[in-house]
Amino acid sequence: SLNTECKNIFPQVKKAALKCSKMINKQLTCGHIREIPCSLYNETNLPCFVEIEKTLACGHTKKVQCFESSDLEGYNERAHGDETKTSIDPFGAIFLCEMKCSRDLPCGHKCQKMCHELCKCTELLQKKLSCHHTVQYRCGTEKKNITCDQPCELLLTCGHTCSATCGQKCSAKCNTLVEFTSELQCGHNKVIAPCYLKNIAQDDPDLYKSYLSGYCEAVCG
């Protein structure tokens with residue numbers, strides 16, 4: 001039977017000041033039995049550390065300590081019927097469901113995130129673009145953001161291949177390095193520079209020579 005009164009005998013003058021440390025069993029309000037020091041027998045709010053399984057608002061179960069279950073009940077009442085999951089739990093991380101979510105998303109895929117996280121489709125898809133290249137993208141990506149990252153295969157007016165990616169607009173400036181033969185301001189007459197500088201030669205010859213001189217790596221003097 002459970003003890004209801006301390007049976008240890010102390011001298012009368014010291015009895016009020018001394019605490020009985022003998023371990024006894026006490027039935028808590030939850031119904032579980034906990035071993036406690038005799039001096040704590042009259043305490044009414046002793047936490048129960050027995051591990052129990054509780055059902056969360058999402059329907060999954062989680063193992064918690066018994067004393068946590070009262071807060072968990074409050075959480076379930078607040079969350080019941082709420083179809084929008086939140087990653088912020090008002091009662092702390094101990095009540096976040098750690099099971100994998102399996103909800104059907106509007107896109108037709110199943111959610112692959114954790115149950116306590118906001119649902120978002122992370123399915124990796126493939127699509128063949130008008131350029132005939134195939135790209136991978138995450139489900140839910142806006143159509144305007146699905147672009148080709150393959151090297152562009154178009155030829156510029158100069159005859160060189162565009163240096164941009166297929167999904168980018170071709171640049172009017174060809175950055176392919178070519179050899180220029182021209183009298184430079186530094187006195188040299190050969191330099192390796194970007195192809196697009198040829199266009200400047202027609203519009204502004206002096207500026208053209210100035211730009212070319214900036215690319216000269218020959219040793220002066």
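Predicted model: local features only at pLDDT ≥ 70, side-chain atom pairs only at ≥ 80, totals over all residues.

Biologist: How many helices and strands does the protein have?
Modeller: There are 3 helices and 8 strands, running β-β-β-β-α-β-β-β-β-α-α from the N terminus. Those are DSSP runs numbered from the N terminus: helices are H or I with at least four residues, strands are E with at least two.

Biologist: And what percentage of the residues count as buried?
Modeller: 27% of the 221 residues. Buried means under 20% relative accessible area, exposed is over 50%, and partly exposed is in between (1.4 Å probe, protein chains only).

Biologist: What about contacts across the sequence?
Modeller: Take the contacts between residues at least 6 apart in sequence: 19% of them join residues at least 24 apart. A contact means heavy atoms within 4.5 Å.

Biologist: Switching topic: how many aromatic pairs turn up in the whole structure?
Modeller: The search finds 1. Phe49 and Phe67 pair edge-to-face, 5.7 Å centre to centre with 75 degrees between the planes. Phe49 is in the loop between β2 (33-37) and β3 (51-55) and Phe67 in the loop between β4 (61-65) and α1 (69-79), so the pair ties together parts that are 18 residues apart in sequence. The rule is that rings of Phe, Tyr and Trp (its six-membered ring) pair if their centres lie within 6.5 Å; planes under 30 degrees apart are stacked, over 60 edge-to-face, and the rest tilted.

Biologist: How accessible are those two?
Modeller: Phe49 counts as partly exposed at 43% relative accessibility, and Phe67 is partly exposed too, at 36%.

Biologist: OK, histidines. Is His133 buried or exposed?
Modeller: His133 is buried, at 16% relative accessibility. It's found in the loop between β5 (124-128) and β6 (134-138). Leaving out residues up to four places away in sequence, His133 touches Lys127, Lys128, Cys148, Gln150, Pro151, Glu153 and Cys166.

Biologist: And His132?
Modeller: His132 lies in the loop between β5 and β6, but it counts as exposed, at 62% relative accessibility. His132 also has a positive phi of about 80 degrees, although it is not a glycine.

Biologist: Where is Ile146, and what does it touch?
Modeller: Ile146 is in the loop between β6 and β7 (177-181) and is buried, with a relative accessible area of 13%. Not counting residues up to four places away in sequence, Ile146 touches Leu129, Val135, Tyr137 and Thr141. Ile146 and Gln136 are 10 residues apart in sequence, with 8.5 Å between their C-alphas.

Definitions and conventions. Residues numbered from 1 in each chain as written. Heavy atoms only, no water.
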